[in-house]
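This report goes through a single chain model and describes how its parts pack together. The sequence and the structure come first.

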Amino acid sequence: MAEKITLSKKDRLSVAWRSTFLQGSWNYERMQNGGWCFAMIPAIRKLYPNKEEQKAALKRHLEFFNTQPFVASPVLGVTLALEEERANGAPVDDVAIQGVKIGMMGPLAGVGDPVFWFTVRPILGALGASLAMTGNILGPILFFVLFNVIRWAFMWYTQEFGYRAGSKITEDLSGGLLQKITKGASILGMFVLGALIQRWVSINFKPVVSTVKLDDKAFIHWSELPAGGEGIQQAFMQYTSGMSLTPEKVTTLQSNFDSLLPGLMPLLLTLLCMWLLKKNVSPIVIILGLFVVGILGHLVGLL
């Protein structure tokens, strides 16, 4: 029986250092896949001495990946554990590894942004700025040092946590635990991505369907409002009571779609892109196609 291949602390530390450059080759097609693959190289070299296996592993990790860069570390840890088990003969396939990655990256991104961008960085920035305003050179230095110490400590310890958790996951391969986690992670990942459609995908159809003149008491008469702050106050009060800002109610094609089902068109566009990807259409071609359709739609007054 061949000796089990184990990733040493030095190997895992090398992966952690490289993960600092996760955003280094960010692209619109597969986001952080280049930085992710770069981080995994030390582990791949250790786990797969065979060149063909190394190529297959590199190709496996060039798939789509995107999350808040600091919280990618626990995902890296779990992936390292799965790759280690695979290299030692465990039945861990490409689908399982990619499914766990996709399932974890969405929820973790939702945690990483508020914690680092909206909490840690503003607090440390305010501390450094308060010192800098007094002419103390320690202000920017303190911000830079503290932020990176916190960032690096978080990345290293969460990667180790993920590695240990991943090892426990793979202990019960025969019982189907990994398959259940993979399925659950994939469902969760698709649910999160689906919820983000309404937030990130926007379509606005401009054609006017109808224009209806409102009753005199249904809209704000701007010329009759008193000047100054009193007029502004009355306008706000009338608007909050339900009065229209204009004497006409304009119904657009987009408002009709929204009345049927808000977010319907963004959803259909997303499903169309997924169908094209399934047909092996290049993501770059899809992106360029969306640009062309958007520009032409704007020129003809549709979008």
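The model is predicted.

**Helix H1 and its surroundings**

Helix H1 spans residues 9-18, and its buried residues are Asp11, Arg12, Val15, Ala16 and Arg18. Viewed along the axis of H1, these buried residues stay within an arc of 165°, so they line one face of the helix. The face turned away from the buried side carries Lys9, Lys10 and Trp17, which are exposed.

Arg18 lies over the face of Phe38, at 4.2 Å from the ring centre. Arg12 forms a salt bridge with Glu160, at 2.7 Å from N to O. This pair links distant parts of the chain, since Arg12 is in helix H1 and Glu160 is in helix H6, 148 residues apart. Arg12 has a relative accessibility of 11% and therefore counts as buried; Glu160, at 9%, also counts as buried.

Gln159 belongs to helix H6, which covers residues 138-169. With a relative accessibility of 1%, Gln159 counts as buried. Leaving aside residues up to four places away in sequence, Gln159 touches Arg12, Val15 and Ala16, as well as Ser73, Pro74, Leu76, Gly77 and Leu80.

In soluble globular proteins, nonpolar side chains tend to be buried together. The largest nonpolar core here has 19 residues, and those with the most contacts inside it are Leu7, Val15, Trp36, Met40, Phe65, Leu76 and Leu80. Helices H2 and H4 each supply at least two residues of this core. H2 gives the largest share, six residues. Leu80 touches Leu7, Val15, Met40, Ala43, Gln159 and Tyr163, not counting residues up to four places away in sequence. A second, separate core has seven residues, among them Val78, Leu82, Ala96 and Ile97.

**Aromatic pairs**

The structure holds nine aromatic pairs. One of them joins Trp36 and Phe65 in a tilted arrangement, with 4.4 Å between centres and 40° between planes. Trp36 sits in helix H2 (residues 33-47) and Phe65 in the loop between helix H3 (51-60) and helix H4 (72-87), so this pair ties together parts that are 29 residues apart in sequence. Both Trp36 and Phe65 are buried.

Phe70 and Phe116 form an edge-to-face pair, because their planes stand at 75°, with centres 4.9 Å apart. Phe70 is in the loop between H3 and H4, while Phe116 is in helix H5 (residues 94-132), so the pair ties together parts 46 residues apart in sequence. Phe70 counts as buried at 10% relative accessibility, and Phe116 counts as buried at 3%. Ring pairs also link both residues with Trp117, Phe143, Phe147 and Phe154 into a cluster.

**Salt bridges**

Side chains of opposite charge can pair when their charged atoms come close. A search of the whole structure finds seven salt bridges. The table lists some of them.

| Residues | N to O distance |
|---|---|
| Lys4 and Glu85 | 3.9 Å |
| Arg12 and Glu160 | 2.7 Å |
| Arg86 and Asp94 | 2.6 Å |

The bridge between Lys4 and Glu85 links distant parts of the chain: Lys4 is in the segment before H1 and Glu85 is in helix H4, 81 residues apart. Lys4 counts as partly exposed, at 49% relative accessibility, whereas Glu85 is buried, with a relative accessible area of 15%.

In the bridge between Asp94 and Arg86, Asp94 is partly exposed at 36% relative accessibility. Arg86 is partly exposed as well, with a relative accessible area of 25%. Both residues belong to a network of salt bridges that also includes Arg60 and Glu83.

**Positive phi values**

Which residues other than glycine have a positive phi? Met31 is one of them, with a phi of about 60°, and is located in the loop between H1 and H2. Asn280 is another, with phi near 65°. Asn280 is found in the loop between helix H10 (264-278) and helix H11 (283-299). Asn280 is exposed, with a relative accessible area of 72%.

Notes
Residues are numbered from 1 along each chain as its sequence is written. This is a predicted model: local features need pLDDT of at least 70, side-chain atom pairs count only at pLDDT 80 or more; totals for chains, interfaces and linings use all residues. Side-chain values use heavy atoms; hydrogens and water are left out. Buried means under 20% relative accessible area, exposed over 50%, partly exposed in between (1.4 Å probe, protein chains only). Helices (H or I, at least four residues) and strands (E, at least two) are DSSP runs, numbered from the N terminus. The arc is that of the directions from the helix axis to the C-beta atoms. Rings of Phe, Tyr and Trp (its six-membered ring) pair if their centres lie within 6.5 Å; planes under 30 degrees apart count as stacked, over 60 as edge-to-face and the rest as tilted. A charge sits over a ring if NZ of Lys or CZ of Arg is within 6 Å of the ring centre and within 35 degrees of the ring normal. Contact means heavy atoms within 4.5 Å. A nonpolar core is a set of buried Ala, Val, Leu, Ile, Met, Phe, Trp, Tyr and Cys residues joined through side-chain atoms within 4.5 Å. A salt bridge is a side-chain nitrogen of Lys or Arg within 4 Å of a carboxyl oxygen of Asp or Glu.
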